[in-house]
Amino acid sequence: MCASGEEYDAVLSFWDPLKADPKSYGEIVLQRLFETNPDVQKLFPKFAGLSKEQLQNNPDLQAHGGIVVCKLTEFLQKEKQRKQLMNDLAESHAKQHKIPRINFQIISEVIVLVAAEKIEGFGSDAQTAMKNVLKEFQTGMGACYDVLGFDP
């Protein structure tokens, strides 16, 4: 599956709030991810075992969430650098963090839900575009994982 340029443009047309405040939106995404998929929280050593209350306003969670949103922003904006970005992310997530590829699908679903809730006007067409763009990201990350021989 290959997302169209129009789909990237549609997502980017709504992306300014996330670019303006990546830590806050990233924190919301990670909190929702851990709330809806508690096993995923165990993959993050800094956050494993922390309660929902301990995660709220947690500077480490905000920082990591900010990185997630900033890397996704790079992916959206820098078409010519997408492959290298995915290679770098796959390298760290596979080798260093040992993150199973299914988690890219899980966080993608959460990102779409949070965007739909928090971004005014992010309707069904924008959600479909976002799902297609994130599916392309997941597919690319999967291909990188294949090259690395990582499949836990």
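Reader: How near do the axes of helix α3 and helix α6 come, and at what angle do they cross?

Author: Welcome! Please keep in mind that this is a predicted model. In it, the axes of α3 (residues 22-36) and α6 (residues 59-77) come within 7 Å and cross at roughly 105 degrees.

Reader: Why are α3 and α6 called roughly perpendicular?

Author: Angles of 65 to 115 degrees count as roughly perpendicular. The crossing angle is roughly 105 degrees, so α3 and α6 are roughly perpendicular to each other. On the α3 side, the contact is made by Pro22, Lys23, Tyr25, Gly26, Glu27, Leu30, Gln31 and Phe34. The α6 side includes Leu61, His64, Val69 and Cys70. By class, this contact has eight nonpolar, six polar and two charged residues.

Reader: How do you know that the length of α8 agrees with its 17 residues?

Author: Count 1.5 Å a residue, and the 17 residues of α8 (residues 102-118) should span 24 Å. The end C-alpha atoms of α8 are 25 Å apart, which agrees.

Reader: And what makes the length of α7 agree with its 15 residues?

Author: The reasoning is much alike: at 1.5 Å a residue, α7 should span 21 Å, and its end C-alpha atoms are 20 Å apart, which agrees.

Reader: Which residues of α8 are buried, and what covers them?

Author: Among the buried residues of α8 are Asn103, Phe104, Ile106, Ile107, Val110 and Ala115. Their cover includes α3, α4 (38-41), α6, α7 (82-96) and α9 (124-148). For α7, the buried residues include Arg82, Leu85, Met86 and Leu89, and the cover includes α1, α6 and α9.

Reader: Which residues touch the most other members of the largest nonpolar core?

Author: That core has 45 residues, and Leu33, Phe34, Phe75, Met130, Met141 and Tyr145 touch the most other members. Helix α9 gives the largest share of this core, nine residues. Leaving aside neighbours within four places in sequence, Leu33 is in contact with Val40, Ile106, Ile107 and Val110.

Reader: Why is Gln41 called buried?

Author: Buried means under 20% relative accessible area. Gln41 has 10% relative accessibility, so Gln41 counts as buried. Gln41 has its place in helix α4. Neighbours within four places in sequence aside, Gln41 is in contact with Phe34, Phe47, Ala48, Gly49, Leu50 and Leu55.

Reader: What makes Asn57 exposed, and where is Asn57 found?

Author: Exposed means over 50%. The relative accessibility of Asn57 is 63%, so Asn57 counts as exposed. Asn57 is found in the loop between α5 (52-55) and α6. Phi of Asn57 is near 60 degrees, a positive value in a residue other than glycine.

Reader: Where is Ser4 found, and how many residues apart are Ser4 and Leu33?

Author: Ser4 is found in the segment before α1. Ser4 and Leu33 are 29 residues apart in sequence, and 27 Å apart in space from C-alpha to C-alpha.

Methods: Residues numbered from 1 in each chain as written. Predicted model: local features only at pLDDT ≥ 70, side-chain atom pairs only at ≥ 80, totals over all residues. Heavy atoms only, no water. Axes fitted to C-alpha atoms, helices over the stretch in contact; angles between N-to-C directions. Helix = DSSP H or I, 4+ residues; strand = E, 2+ residues; numbered from the N terminus. Parallel < 35°, antiparallel > 145°, perpendicular 65-115°, else oblique. Contact = heavy atoms within 4.5 Å. Nonpolar A, V, L, I, M, F, W, Y, C, P; charged D, E, K, R; others polar. Expected span 1.5 Å × (residues − 1). Buried < 20%, exposed > 50% of the residue type's maximum accessible area, 1.4 Å probe, protein only. Core = buried A, V, L, I, M, F, W, Y, C linked by side-chain atoms within 4.5 Å.
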